[in-house]
Amino acid sequence: MLNAYKNKTDVVLCFASETELAIHHRDEVHQRRVIAEQFAGVGWRTAELLREVEASESFYFDKLAQIRMPSWSKGRVVLVGDAAYCASPAAGMGGSLALDGAAALADAMRLHGDDHVRAFHAYEEALRPFIDEVQAEAVRVGLETLVPRTEEAIRARNAKTGHEF
Ligand SMILES: Cc1cc2nc3c(=O)[nH]c(=O)nc-3n(C[C@H](O)[C@H](O)[C@H](O)COP(=O)(O)OP(=O)(O)OC[C@H]3O[C@@H](n4cnc5c(N)ncnc54)[C@H](O)[C@@H]3O)c2cc1C
């Protein structure tokens, strides 16, 4: 994917893996090698883009992941934002969810005063349905947009968004 804005172009290379890859999040040499291997010989402008990636000083590698916790609190500890319900960057909603979560927790704590058990329960009960919805949408729309599995799906995505990826 080429994403151009403000005199700058991001080169984005996404791939799907059936298994969890053992890549340390700080091992950039390995990450660069994985990208080069995954996209070797795949056609389109990939060879040119791989050369850009090789020369890039702002290389960033990550996996699209979600956090789904069975409970958002334990004792006096309560989670907000990515730690509790990361919806994946593909959703473009992580910042909003962290703020919505903090606001929902503040509301619950104000309502229940010193009773943190009830406050944490109320926070989770109020917000979880919305989080479930956002996470489901992130998988459905996010993955279809970023890593369509077939040529046909790529064409459908391009037609829908009006972009050439
Ligand atoms: C590439 C990328 C693009 C994204 N694009 C978007 C976007 O367009 N729109 C959007 O809304 N969201 C986007 N997000 C998601 C968004 O950045 C996150 O969802 C959001 O920052 C989550 O906020 P948070 O406060 O929960 O966690 P974070 O912002 O991760 O904050 C957690 C903080 O805790 C600190 N920390 C961790 N461990 C410890 C420790 N042991 N002790 C003390 N401190 C610790 C960390 O250093 C960090 O500062 C994107 C994310 C990525 C990675």
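A residue is called buried here when its relative accessible area is under 20%, exposed when that area is over 50%, and partly exposed in between, with a 1.4 Å probe and protein chains only. By that rule, 23% of the 165 residues of the chain count as buried. The model is predicted, so to read it with care note that local features need pLDDT of at least 70 and side-chain atom pairs count only at pLDDT 80 or more, whereas totals for chains, interfaces and linings use all residues. Residues are numbered from 1 along each chain as its sequence is written, and side-chain values use heavy atoms, with hydrogens and water left out.

**Whole chain**

Followed along the sequence, the elements give the pattern β-β-α-α-β-β-α-α-α-α. The radius of gyration, taken over C-alpha atoms, is 20 Å, well over the 15 Å that the globule rule gives for 165 residues, so the chain is more spread out than a compact globule; the rule itself is 2.2 Å times the number of residues to the power 0.38. Switch to the C-alpha trace, which spans about 60 × 35 × 35 Å along its principal axes.

**Helices H1 and H2**

Next select residues 28-39, helix H1, together with residues 46-55, helix H2, whose axes come within 11 Å and cross at roughly 175°. That makes H1 roughly antiparallel to H2, a label used for angles over 145 degrees, while those under 35 count as roughly parallel, 65 to 115 as roughly perpendicular and the rest as oblique. To see the contact (heavy atoms within 4.5 Å), show the side chains of Arg-32, Ile-35, Ala-36 and Phe-39 on H1 and of Thr-46, Leu-50, Val-53 and Glu-54 on H2.

**Gln-31**

Stay in helix H1 and pick Gln-31, which counts as buried because its relative accessibility is 4%. Leaving aside its neighbours within four places in sequence, Gln-31 is in contact with Ile-23, His-24, His-25, Arg-26, Phe-59 and Phe-61.

**Ser-56**

Finally, move to Ser-56, in the loop between H2 and strand E3 (73-74); at 21% relative accessibility, Ser-56 counts as partly exposed.

Note on methods: Axes fitted to C-alpha atoms, helices over the stretch in contact; angles between N-to-C directions. Helix = DSSP H or I, 4+ residues; strand = E, 2+ residues; numbered from the N terminus.
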